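Have the sequence and the 3D view open as you go.

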Amino acid sequence: MQPTDPADLYRNGKHAKELAYYSLAPTGPPRGVLLLLPGFGGPAERVLKETDLAQDAARAGFVAVVPTLNNRLHLDSAGMRLLGQVLGRVARQYPAAGRNLCIGGFSAGGQLALAYAETLLLDTTRQTWRVKAVFGVDPPADLANLWHMGQRRIDQNCSSLLVREGHSLLETLGRAFGGSPEQFPTVYQQYSAFINTSPTGGNLARLAATPVRMYCEPDMAFWRWHFCASMQLEDLNAVMLRQLVACLQRQGNTRAEYIETTGKGRTNGRPFPHSWSIVDAPECVQWLQTCLNR
């Protein structure tokens, strides 16, 4: 779609400076668009291999779209511009889709999916897309909490991989927002899809009337055995995701769901609870279909 990537939105050794998107055409008349966002550093094409969501959605009448956006923990203007361009092209190619949009994402892509839905819903008079549903697959929805999670990774110091991840999180968030949540609380609040210290969840309040699903597989035994024996539940995304759904439910959202799985997470054929595979793709697509009809 674009031969260059001046804002460094996409990390991929093969096509490091190329912005594009993958799409699967619906097998019948298009009923809507399903936008799927990769995790941090995950190639867009891998989404089509790690989950059948796109393929099942296409068979159900969705235009399934995966953009090359994987180098952000927060949705900035460059990311917004890319998503707008992608959806603009899709709308021109499939006008019969009716601007019905469902959005989902894995890990950091789930945070972006929530934030993008919230942004579109902020001004429905200017936005032509109608957000019908949004879901996240183990996303870090509260970025202040993510910063503190990174700091705990460093302090625990029991896995070189987790320590590197902790330093990477603090460096990435600090560079984007200027420093820690204590130093720049309003910036973290601006870009977080959810603020657990706010009664209405901050930006999350915009989703009070939108179907929302959060998927999670908090397998503490796996993380303690393979990475760090001192890890606690708050070192995973599960606590925040439960609070996110509860926050929406308190605001009257009867279609907000927290879906917790056991033993479904796999990556490259091996158990790994932080993965696309925790989503039951056919059932999720059925849910998305009901959201189109609401």
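The largest pocket has a lining of 41 residues, and those nearest its centre are Phe40, Ser107, Glu165, Phe272 and His274. A pocket here is an open set of points on a 1 Å grid over the protein atoms alone where a 1.4 Å probe fits, with protein on both sides within 12 Å along at least five of seven lines; lining residues have an atom within 4 Å of a point. This is a predicted model, so local features need pLDDT of at least 70 and side-chain atom pairs pLDDT 80 or more, while totals for chains, interfaces and linings use all residues. Residues are numbered from 1 along each chain as its sequence is written, and side-chain values use heavy atoms, without hydrogens or water.

**The largest pocket**
- Its space comes to about 1100 Å³, taken as the volume filled by probe spheres set on grid points that are joined across faces, edges and corners.
- At least two lining residues come from each of helix H1 (44-50), helix H5 (143-156) and helix H6 (160-177); helices are DSSP runs of H or I with at least four residues, and strands are E runs of at least two.
- H6 gives the largest share of the lining, seven residues.
- The lining has 21 nonpolar, eleven polar and nine charged residues; Ala, Val, Leu, Ile, Met, Phe, Trp, Tyr, Cys and Pro count as nonpolar, Asp, Glu, Lys and Arg as charged, and the others, Gly among them, as polar.

**His274**
- His274 sits in the loop between strand S9 (270-271) and helix H10 (281-293).
- His274 counts as buried because its relative accessibility is 19%, and buried means under 20% relative accessible area with a 1.4 Å probe, protein chains only.
- Its side chain makes a polar contact with the side chain of Asp138 at 2.6 Å; such a contact is a pair of N or O atoms within 3.5 Å, one able to donate a hydrogen and the other to accept it, and residues adjacent in sequence count only if both atoms are side-chain atoms.
- Beyond its neighbours within four places in sequence, His274 is in contact (heavy atoms within 4.5 Å) with residues including Phe106, Trp223 and Thr267.

**Helix H5**
- Asp142 caps the N-terminal end of H5, with a side-chain oxygen 3.1 Å from the backbone nitrogen of Ala144.
- Among the buried residues of H5 are Leu146, Trp147 and Ile154.
- The cover over the buried residues of H5 includes H4, H6, helix H7 (185-191) and helix H9 (238-250).
- After H5 comes Asn157, with a positive phi near 50°.

Note on methods: Buried < 20%, exposed > 50% of the residue type's maximum accessible area, 1.4 Å probe, protein only.
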